[in-house]
Amino acid sequence: QACGMSTGGSFVATGRSILPLLARSLSRRPATNLVAQRADLQTRLVDNIQGLADILAFDRARDQLAHLSVTADDYGRSQKQMALITGMQSGISILLTNLGMWTVLSLSIPMVASGELGGVMLAPLTLLTLASFEAFTPLPFAAQTWNTVREAARRLFEVVDVESVVSDRLTGTKSQASYADIRFEDLSFTYPGTRDPVLKHVTFSLAQGQRIAIVGPSGAGKSTLVNLLLRFWEYSSGEIRMGGRSLHGLDPVQVRESCAVVSQNSYLFNTSIRENLRLASPDLGQADMEAAATAAHIHDFIAPLPQGYDTFIGEQGTRLSGGERQRLAIARALLKNAPILVLDEPTANLDPLTEKEVLDTLFGLMENRTVLLITHRLVGLENMDEILVMDEGRLVERGTHSSLLAQAGLYRRLWDLQNRIIQTL
Ligand code: ATP
């Protein structure tokens, strides 16, 4: 009988050890699908919520909902398959546990009847059997979860393992200095995976305290210059120098510390005005914050708000107007206190009146700063020391506002076109 008990026990134990392997093998495909479909559903949801205004304006809500339902149904199907496997493995698990208990009972009861075993031992034997199986109960579920976790990790490492196009490895020594002058030398650049260069032999210098504007038609390569300067991309032909040193030899963090950037879509976080300004400097005091906001002409808007600097501004600052958002971004850039001010289309998307107000604010702040202004709007450029005109990746003209107007070249054509559009409005 003892032999029978051990045979029955080992049968149940074998069943219990096969169960995790079975759960793992059955859940491999649904687990992989589940992770991919969940990511897809979340991406679509975020995309649709962010683009809700356009979806409604174009009356595409029904189509988008139908697309979302297909993704949600796929996700639901994979969840159901996983739930089925969980249900099956937990059912078999309970069955095996109880089979084990009944095997022990059915073999020990005759032993008690024949006097080989004391009756008092029956209950502990049964409970011991149940308790011994308890340790194995989570194993099949762990094996099933393993597939989901492994797939999620694979997707994560796919992103983490992509090699950065910008090398953080220093070729020179790191210094604490910040730089206030820039020189672009015979710079050419082609985006990885594309054929045609977007910058062709660009050469110009921006001396400390100088104000240069780069203008030109859309797609001329103006923002690419800023992307290379801030080391978002790595250049290989030509040279960019800060403080006389090649950018390749400078730490990207150090380069970015020398530049305060205001772009056409400066990101504002879904938190308070105070926390958004603190992005520039985490231990920012109230006085500094108010001084920067006053200089950016936004303090008078913030101060009367019921919660002042603690007012929440919504996702991407949606509770603010375009002009207020830009002014907040300018205040944040000022708080960085960097010697170089990079303005990449800072007034894009603003109406002409707000544009003028924001530009007046900016021009007032340019004193004693090195300024690189990228724009395709030819407004207020008489305030700049030099204007560079770009077309199809090349510098085609350079001079002051008045000298460029006199040249009757591309700048003059862009100027005339802009004025004609304004007159027809
Ligand atoms: P705009 O005034 O419209 O902002 P721009 O002069 O700033 O234009 P860039 O943004 O520098 O122009 O773009 C120059 C060219 O490089 C464009 O043809 C654009 O399609 C291309 N480009 C920009 N970013 C990338 C990228 N990440 N990958 C591939 N090509 C790109």
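**The chain as a whole**

The structure is a predicted model, and the values below were computed from it. The chain holds 14 helices and 10 strands. Its radius of gyration is 34 Å, well over the 22 Å that the globule rule gives for 425 residues, so the chain is more spread out than a compact globule. Along the principal axes, the C-alpha atoms fill a box of roughly 120 × 50 × 45 Å.

Of the 425 residues in the chain, 40% are buried, and the accessible surface comes to about 23,200 Å², with 58% of this area belonging to carbon and sulfur atoms.

**Around the ligand**

The shell around the ligand has 14 residues, and those that come nearest are Ser-218, Gly-219, Lys-222, Ser-223 and Thr-224. By type, the residues of this shell divide into five nonpolar, seven polar and two charged.

| Residue | Atom on the protein side | Distance to a ligand oxygen atom |
|---|---|---|
| Gly-219 | polar backbone atom | 2.9 Å |
| Lys-222 | N or O atom in the side chain | 2.9 Å |
| Thr-224 | polar side-chain atom | 2.5 Å |

On its own the ligand has 640 Å² of accessible area, and the protein covers 61% of this.

Two of the residues in the table, Lys-222 and Thr-224, are also among the buried residues of helix H6. This helix spans residues 222-229 and is mostly covered, since six of its eight residues are buried. Besides Lys-222 and Thr-224, the buried residues of H6 are Leu-225, Val-226, Leu-228 and Leu-229. After H6 comes Arg-231, which has a positive phi, near 60°.

**A buried and an exposed residue in helices**

Helix H5, in which Thr-148 has its place, covers residues 139-160. When residues up to four places away in sequence are left out, Thr-148 touches Ala-31, Leu-34, Val-35, Arg-38 and Met-82.

Leu-84 belongs to helix H3, which runs over residues 61-113. With a relative accessible area of 65%, Leu-84 is exposed. Between Leu-84 and Ser-321 there are 51 Å in space, taken from C-alpha to C-alpha, while in sequence these two residues are 237 residues apart.

**Two loop residues with positive phi**

Where in the chain is His-297 found? His-297 lies in the loop between helix H9 (286-295) and helix H10 (299-302), and its phi is positive, near 60°, in a residue other than glycine. His-297 counts as exposed because its relative accessibility is 53%, which is over the 50% cut-off.

Glu-392, for its part, is found in the loop between strand E9 (386-391) and strand E10 (394-399). Although Glu-392 is not a glycine, its phi is positive, at about 50°. The relative accessibility of Glu-392 is 59%, and therefore Glu-392 counts as exposed.

Note on methods: Residues numbered from 1 in each chain as written. Predicted model: local features only at pLDDT ≥ 70, side-chain atom pairs only at ≥ 80, totals over all residues. Heavy atoms only, no water. Near = heavy atom within 4 Å. Polar contact = N/O pair within 3.5 Å; in protein donor to acceptor, adjacent residues only side chain to side chain. Areas by Shrake-Rupley, 256 points an atom, 1.4 Å probe, with all protein chains shown as cover. Nonpolar A, V, L, I, M, F, W, Y, C, P; charged D, E, K, R; others polar. Helix = DSSP H or I, 4+ residues; strand = E, 2+ residues; numbered from the N terminus. Rg over C-alpha atoms; globule rule 2.2 N^0.38 Å. Buried < 20%, exposed > 50% of the residue type's maximum accessible area, 1.4 Å probe, protein only. Contact = heavy atoms within 4.5 Å.
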